[in-house]
Amino acid sequence: MKTLDEFVALFAEQLDETDPSTVTAGTKFRELDEWSSLLALTLISMIDEEFDVVLKGDDVKNSETIEDVYNIVVSKI
Amino acid sequence: MTKNPFSLEGKTILITGASSGIGQGCALMAAQMGAKVIVCGRNEERLKETISQMQGEGHSTFAGELTDQSVIEKLVAEIPSLNGVVFSAGISMTAPFTFSTREKFNKVFDVNFFSPIEILRLLVKKKKLANEASVVFISSVGGNFGFSVGNGIYGASKAALNSMSRLCSLELAPKKIRVNSICPGMVVTPLVEGFSENITQEDIQKDMDFYPLKRYGKPEDIAGGVVYLLSDAASWVTGQAICIDGGITAY
């Protein structure tokens, strides 16, 4: 099982324009300038690949921080 | 009285993916128009449930996994001569390009492309298609007429299908077999629920509002076009990919 820190790092890897060093568990990811529907799909695919958990679009939409997403993933493992 | 050119009376039609969605809609409408339908799917019970909703007599089921070569061969060996085939079995997949692995491509192409093409190949080779038979592939606007992010694998499988459909229309024309595809926009079916899991209700409403006719399709919206292509009214129609899409590709 990956830790929250590892999850944050995996999340940061998917980003193109945001400095990874500024991304933390508390980052409100949907407020990022580069946040898009494609990034939402990318996040869901990354979680599917790394955790074998399939999130729904609404899981992402109802999360505020990266930690919120991590907690949903953990609850579905 | 002359025969209604849109009628399917006297025709035997094979429909794959007939236990739900567009395939089921096609089975219901083909039966309503007088066809004897062979409904194909993975689950016998669900196929019987489809037949119980169909008008007319003489319908039958074929249950099996149509990605399996031995099942395809069994199907082709068992069925009678056909006047029409509708390939509607399909699966969806949403993945951004960077997560579009060979494994995902294989899974989708097996069902959406290789299975229907192999069934058609054997139907023709074993002479199971009657004179002037009509073949209809259920394709999609995605891949040829519309592109949306995350839809690459599914779109590519349908673009491949459209390509083979057109090729087959030429190669099978000497046998007077017509081959066309129907390209639906978003139709409310279990398959589309697969897509929509990854997006929010808000996104779906926004997408629906983008359609000139302001709604997603219903299986019967597609079945109307399929029945037309199966009927004698479409005797001079082959090699086409017809969009039935609430106007989405009109932009």
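**Cores, sheet and loops**

Modeller: The largest nonpolar core has 64 residues, and those with the most contacts inside it are B:Ile15, B:Ala30 and B:Val226. A nonpolar core here is a set of buried Ala, Val, Leu, Ile, Met, Phe, Trp, Tyr and Cys residues joined through C-beta atoms within 7 Å. Buried means 20 or more other C-beta atoms within 10 Å of a residue's own, exposed means 12 or fewer, and partly exposed is in between, with C-beta atoms placed from the backbone.

Colleague: Which other core lies apart from it?
Modeller: Another core, of 15 residues, lies apart from it, and includes A:Phe29, A:Leu43, A:Ile44 and A:Tyr70.

Colleague: Good. What should I keep in mind about the model and the labels?
Modeller: It is a predicted model, in which local features need pLDDT of at least 70 and side-chain atom pairs count only at pLDDT 80 or more, while totals for chains, interfaces and linings use all residues. Residues are numbered from 1 along each chain as its sequence is written, and chains are lettered from A and ligands numbered from 1 in the order in which they are written.

Colleague: Back to B:Ile15, what is B:Ile15 in contact with?
Modeller: Leaving aside neighbours within four places in sequence, the partners of B:Ile15 include B:Gly23, B:Ala27, B:Ala30, B:Val39 and B:Val86. Contact means that the C-beta atoms, placed from the backbone, lie within 7 Å.

Colleague: And how many residues does each chain bring to the contact?
Modeller: Chain B gives 13 residues and chain A gives 11 residues.

Colleague: Now the sheet. In what order do the strands come?
Modeller: In chain B, 7 strands form an open sheet in the order β3-β2-β1-β4-β5-β6-β7, with parallel pairing. Strands (E, at least two residues) and helices (H or I, at least four) are DSSP runs numbered from the N terminus, and two strands pair if DSSP finds at least two bridges between them.

Colleague: Which strands are at the edges?
Modeller: Those are β3 (60-63) and β7 (241-244) of chain B, and each pairs on one side only.

Colleague: How is β4 joined to β5 in chain B?
Modeller: There are 5 bridges between β4 (residues 82-87) and β5 (residues 129-138) of chain B, running parallel. B:Leu82 has B:Leu129 as its bridge partner, and B:Val85 has B:Val135. On the other pairing, β5(B) and β6(B) are also parallel, over 5 bridges, and B:Ile138 stands opposite B:Ile182 in β6(B).

Colleague: Is β5(B) mostly covered or mostly open?
Modeller: Mostly covered: 7 of its 10 residues are buried.

Colleague: Why does B:Lys127 count as exposed?
Modeller: Because B:Lys127 has 9 C-beta neighbours inside 10 Å.

Colleague: And what about B:Lys176?
Modeller: B:Lys176 is not a glycine, yet its phi is positive, about 65°. B:Lys176 lies in the loop between α5 and β6 of chain B, and B:Lys176 is partly exposed because 13 other C-beta atoms are within 10 Å.

Colleague: Great, thanks!

Methods
Two residues are in contact if their C-beta atoms, placed from the backbone, lie within 7 Å.
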